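Look at the chain as a whole before turning to any single residue. The paragraphs below follow that order.

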Amino acid sequence: FLLLLLATTAFAQERSPGDVELNVWGKSYHMSPAPLGRSFNESNIGVGFRYYFETTNGGTELFTGVDIFKNSTAGRAITLGVGCQTRLFSIGQTSVLAGATVGVLSYENTWRQKTYVTPAAYPFIGLRRKKVTMTIGYIPAIVTQGDRLPAVLFTYISIRF
């Protein structure tokens, strides 16, 4: 049984320098309630691209990316940043990843008729099988220009092409 388990354990495909992924944004879950009389948009439809520029000897993948999606107030959000991710463990051809992205966030708040541009960072975990990765990330609450942007869990799927 142990030999069978070890024989079937193989890593999901790592990303190599020059690989590109298409990000398809999906749902979000807000950590706090919306202001009275408002409701959060939890369908964060959007797209983005990720470009891998390095994979270290230890297997950590370094990337840069840009995403455009609907945010919590149904306005536009744009992220631009760099990040890294590493494999925690694999079972068969599926790997569990952990990583973080840092960069700049442009956030259009339709409730206040304002657009914020602020530094931002988020940790994430991912589940990768072959060319597809599902990512769940967490953006903590951000206070900028005297306003508070909500903390949120979000998901997107990346497809390598």
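Helices, of at least four residues, and strands, of at least two, are runs assigned by DSSP and numbered from the N terminus. In this predicted model, the order of these elements along the sequence is α-β-β-β-β-β-β-β-β-β-β. That makes one helix and 10 strands in the protein chain.

Next comes the overall extent. The C-alpha trace of the protein chain spans about 60 × 30 × 25 Å along its principal axes. The chain has 161 residues, and 37% of them count as buried.

Met31 gives a local view of the chain. This residue sits in the loop that runs between strand E1 (20–30) and strand E2 (43–55). Leaving aside residues up to four places away in sequence, Met31 touches Tyr138, Ala151, Val152 and Leu153. Ala141 is 110 residues from Met31 along the chain, yet the C-alpha atoms of the two are separated by 9.1 Å.

Is Met31 buried or exposed, or something in between? Its relative accessible area is 45%. Buried means under 20% and exposed means over 50%, so Met31 counts as partly exposed.

Note on methods:
Residues numbered from 1 in each chain as written. Predicted model: local features only at pLDDT ≥ 70, side-chain atom pairs only at ≥ 80, totals over all residues. Heavy atoms only, no water. Buried < 20%, exposed > 50% of the residue type's maximum accessible area, 1.4 Å probe, protein only. Contact = heavy atoms within 4.5 Å.
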